[in-house]
Protein chains: 2
Amino acid sequence: MPSLDQFFKAAITVDNVIFGFDDADLKILLIQRGEEPYINKWALPGYFVTEDENLESAAERVLAELTGLTNVYLEQVRAFGAADRHPLGRVITIAYYSLIKINAFQLKPASIAEKVKWHSVSKLDELAFDHKEILDACFSRLKRRVRTRPVGFELLPPKFTLTELQHLYESILETELDKRNFRKKIISMNLLIDLNEMQEGVAHRPAKLYKFDQEKYKEFVASGYSFEI
Amino acid sequence: MPSLDQFFKAAITVDNVIFGFDDADLKILLIQRGEEPYINKWALPGYFVTEDENLESAAERVLAELTGLTNVYLEQVRAFGAADRHPLGRVITIAYYSLIKINAFQLKPASIAEKVKWHSVSKLDELAFDHKEILDACFSRLKRRVRTRPVGFELLPPKFTLTELQHLYESILETELDKRNFRKKIISMNLLIDLNEMQEGVAHRPAKLYKFDQEKYKEFVASGYSFEI
DNA sequence: TTGCGCTAGTGTGAAAATCACACTAAAGAG
DNA sequence: CTCTTTAGTGTGATTTTCACACTAGCGCAA
């Protein structure tokens with residue numbers, strides 16, 4: 001048997017673009033670096049992949065260490081591996097993005113000690129390393145994904161209004177949608193369950209609450225129909 | 001400055017799904033392995049990334065060593081890095097696919113010595129490593145890409161007929177298309193140049209030859225319009 | 001208690017895109 | 001010269017997309 005010893009080896013990291021939505025706009029979770037290189041710059045949460053760890057497990061671990069969340073939507077986008085992307089040596093990074101319910105967790109105390117903060121995707125200055133490029137790739141992927149898969153719901157609380165859903169799509173797609181046409185389309189897909197509950201405590205006509213119908217979506221997929229917004 | 005020495009390092013490869021189209025169906029170029037592991041199994045062309053080499057350069061190199069071709073369409077799909085994907089140790093691979101004009105090159109003599117062969121995408125048995133999974137991911141990506149970018153032309157000779165173009169789309173999308181509707185759509189995009197030449201030596205009414213209009217496509221992109229089939 | 005501010009919720013018609021469908025034209029082969 | 005084979009062409013029905021404006025119902029403050 002030949003051996004791998006003769007070949008060059010590189011350090012591997014995963015970087016995770018963690019998206020959240022707070023009813024106004026789309027945000028990502030960034031960490032302010034505490035060490036060189038790029039000290040004090042904001043960076044994507046990421047860490048080195050260990051010897052026995054699958055790439056996806058590593059991405060899950062990064063997310064869990066920061067937020068405590070598990071079982072979240074996670075998708076690999078691609079690898080970034082320019083020879084000069086890391087000042088300290090060759091580091092290949094695999095970019096993932098994840099979608100979380102922004103109000104469903106507390107930052108872990110360990111994380112708060114470092115500087116961890118939500119940033120609006122739309123107004124971001126430079127990031128450490130090639131993280132801006134990684135973010136852009138992940139955001140583009142999300143934009144495409146959200147049009148053909150019902151992943152948007154991952155970003156909303158379990159009960160939501162149609163207006164919240166519309167605002168979510170508007171934030172991700174960076175466009176305005178027509179209220180009537182949007183509602184017509186969503187309702188016609190038959191993937192929402194009307195909870196027969198209302199918003200409470202709002203100073204205007206309260207909206208109906210809905211939840212996403214996982215079961216219907218499974219049938220939907222099984223029968224070959226496709227989600228399309 | 002901290003150092004990378006403390007972190008686990010893995011061997012990195014690129015694997016390249018090289019697509020070609022021979023007027024009947026879509027093919028990929030495979031190599032029959034001459035050594036363990038998976039000796040005698042068919043595998044995607046791929047090789048280890050060297051210390052100073054960008055990932056994309058490595059993918060280009062793999063392609064060039066096999067075919068002599070440069071300047072071809074190449075796109076990264078994603079990384080495959082299951083901890084157990086390689087029997088000899090941890091190897092992360094970055095999957096690329098490329099689109100080449102199947103008749104525009106000769107296999108390099110060095111490659112012919114090894115067993116290199118075109119295989120129909122539709123009838124493939126098992127491949128070495130996780131290469132079937134990689135192929136599937138690349139093929140899916142191509143399917144999506146071909147609907148929104150004019151990458152199909154990369155697979156055709158510079159002069160082609162509308163029927164050839166249609167068959168190409170049918171092979172990639174694994175579906176049948178209506179001749180009249182297909183031609184209407186393609187023609188209405190205004191991205192083909194009618195060469196005022198005809199097929200020669202065919203035992204039936206000869207078809208007109210077209211070429212893809214790179215310039216028009218650039219204007220097209222610049223003005224924000226999108227390609228859609 | 002009334003009215004104001006605010007967001008929820010609802011339908012129609014025009015325009016565009018998609019889809020299904022069948023015959024004539026032109027070359028080479030025999 | 002006729003047979004085989006593929007090239008090339010138009011229309012109408014259906015579906016999808018898009019633009020657009022008013023009434024409903026809650027909390028709040030005067």
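The model is predicted, and local features need pLDDT of at least 70, side-chain atom pairs count only at pLDDT 80 or more, while totals for chains, interfaces and linings use all residues. Residues are numbered from 1 along each chain as its sequence is written, chains are lettered from A in the order in which they are written, and side-chain values use heavy atoms, with hydrogens and water left out.

The table gathers the values for the two chains together.

| Item between chain B and chain A | Value |
|---|---|
| Residues in contact (heavy atoms within 4.5 Å) | 37 residues from chain B and 37 residues from chain A |
| Buried area (accessible area, 1.4 Å probe, lost on being put together, summed over both) | about 3100 Å², 67% of it on carbon and sulfur atoms |
| Salt bridges (Lys or Arg side-chain nitrogen within 4 Å of an Asp or Glu carboxyl oxygen) | zero salt bridges |

On the side of chain B that touches chain A, the elements giving two or more residues are β1 (9-21), β4 (46-48), β5 (73-80) and β6 (91-99) of chain B, strands being DSSP runs (E) of at least two residues, numbered from the N terminus. The largest share of that side, five residues, comes from β5(B).

Strand β1 (residues 9-21) of chain A runs antiparallel to β1(B), and three bridges join them, where pairing requires that DSSP finds at least two bridges. Ala10(A) has Ala10(B) as its bridge partner in β1(B).

Arg141(B) lies in helix α3 (residues 131-148) of chain B, a helix being a DSSP run (H or I) of at least four residues. Leaving aside neighbours within four places in sequence, Arg141(B) is in contact with Arg141(A), Glu75(B), Gln76(B), Val77(B) and Tyr97(B).

How values were computed. Buried area is the accessible area (1.4 Å probe) that two parts lose on being put together, summed over both.
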